[in-house]
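Look over the structure shown below.

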Amino acid sequence: SDQSFGNSKAMGGIAFGLRDGAQINPLNPASYTAIDSLTFIFEGGVSLQNMNISGGGVKLNAKNSSFDYLAMQFRLHPRVAMSIGLLPFSNVGYSVSDSKVDNGVSQTRSFTGDGGLHQLYGGIGVKVLKNLSLGVNASYFWGDITRSLTQLYPNTASAYSYIRQNAVSVSDYKLDFGLQYTQEFNKKHSATIGAVYSPKHKLNNDYTVTTQASSTVSQDWDATLEVPNTFGVGFTYNYDKRLTVGLDYSLQQWSKTKFGIKTSDDAVREDFNETYTYCDRHKISVGAEYIPNLIGRSYLSHIKYRLGAYYSKPYYKIDGVRAADEYGVTAGFGLPIPRTRSVLSLSAQYVRTKGTQAAFLNENTLRICIGVTFNERWFFKRKVD
């Protein structure tokens, strides 16, 4: 799942070097120290999307909505800030079917999947030097994913059917580390370099395979499921606190993760060893944000105008071949809510996922993201004459 927040979504997904004290950026926990001592931030966001899928002469349209994020951020100390939030880590949802005749026997197959993993994180950012901040997020994962295969032979004497359901329940943790260094050249010019690292981790899980034919058999299997090493680096330039431009690159080493399964009697099921099905995921993003006038009286002069784009090589393969290339363009606004310090973030993302071979699927997605940032002054002493 895309885990960027409202401002980042509209800026092509840049985050590693993004340092904004008015919005939360969990993709680099070192950014938490940008918040000032009087501020408490609370953010939430949702997305609506329309997807057109085509392949093999068949077209399909799908519309859905999703929860994006819910988080808060505040200072603990002049050099320490904290963020807590809830994010989706992965989503599974599909229903695919086909029919064919093999040696005069009709066969119908259907594949379905649903579920996903949720991520609850708590993060700390520390300003170790005037210009240098370090941060870490500790996340707890949980969730269930179910995948099913149904094969039906309708023309046989008993209309024979076979069903296999793979169900996995995950419960574990993950760590993410971040760094940001900011250099101010003068009162109007500054630049920030950011870097992030997430170590590979094997997820604790319960994996059950249930088959149903003439009888039903349920068996617990020993499964290896891993999240990959992730590396990221980003750069942003800021002019007069009104213009921000940035560039990000990230690498997820999915090719080095494992997905293997053993039965309860430790017999390795080679047909389920799917290590080969993944390849490294690369992504490069560019983005910009512009505010016309920080002190102007016009409402339009305070709007944050955002623009971005990205290119990505997804991590999945089909028949041993990288399945797709992905391109995206983004745009949006940060709309100040009158008489408050809060912001309504609106963004639109157009994503083109193009199959690397003619037989693979192509997807065109238009996604509208809506986020609200409640920015309140909590930590100050009131004086009454």
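**Briefing on a predicted model**

Lys9 is found in helix H1, where helices (H or I, at least four residues) and strands (E, at least two) are DSSP runs numbered from the N terminus. This is a predicted model, in which local features need pLDDT of at least 70 and side-chain atom pairs count only at pLDDT 80 or more, while totals for chains, interfaces and linings use all residues. Residues are numbered from 1 along each chain as its sequence is written, and side-chain values use heavy atoms, with hydrogens and water left out.

**Lys9**

- Lys9 has a relative accessible area of 3%, so it is buried (under 20% relative accessible area; exposed is over 50%, and partly exposed is in between, with a 1.4 Å probe and protein chains only).
- The side chain of Lys9 reaches the backbone oxygen of Ser4 at 3.3 Å.

**Aromatic rings**

- Rings of Phe, Tyr and Trp (its six-membered ring) pair if their centres lie within 6.5 Å; planes under 30 degrees apart count as stacked, over 60 as edge-to-face and the rest as tilted.
- By this rule the count is 12 aromatic pairs.
- One of them is the stacked pair of Phe5 and Tyr69, at 3.9 Å centre to centre with 15° between the planes.
- Phe5 lies in the segment before helix H1 (6–9) and Tyr69 in strand S2 (residues 58–77), so this pair ties together parts that are 64 residues apart in sequence.
- Phe5 and Tyr69 are both buried.
- Trp254 and Tyr315 also form a stacked pair, because their ring centres are 4.6 Å apart and their planes are at 20°.
- Trp254 is in the loop between strands S12 (243–252) and S13 (259–262), and Tyr315 is in the loop between strands S15 (304–313) and S16 (317–318), so the pair ties together parts that are 61 residues apart in sequence.
- Trp254 counts as buried at 14% relative accessibility, whereas Tyr315 is partly exposed at 32%.
- One aromatic cluster is formed by Trp254, Tyr278, Tyr315 and Tyr316.

**Nonpolar surface patch**

- Val46, Leu48, Val329, Tyr350, Leu366, Ile368 and Ile370 make a nonpolar surface patch of about 560 Å²; patches are made of residues with over 30% relative accessible area and no salt bridge, like charges being joined within 9 Å and nonpolar side chains (Val, Leu, Ile, Met, Phe, Trp, Tyr) within 5 Å.
- A salt bridge is a side-chain nitrogen of Lys or Arg within 4 Å of a carboxyl oxygen of Asp or Glu.
- Accessible areas come from the Shrake-Rupley method with a 1.4 Å probe; for residues, only the protein chains shown count as cover.
- Strand S1 (39–55) and strand S20 (362–377) are the elements that give two or more residues to the patch.
- S20 gives the largest share, three residues.

How values were computed:
A polar contact is a pair of N or O atoms within 3.5 Å; within protein, one must be able to donate a hydrogen and the other to accept it, and residues adjacent in sequence count only if both atoms are side-chain atoms.
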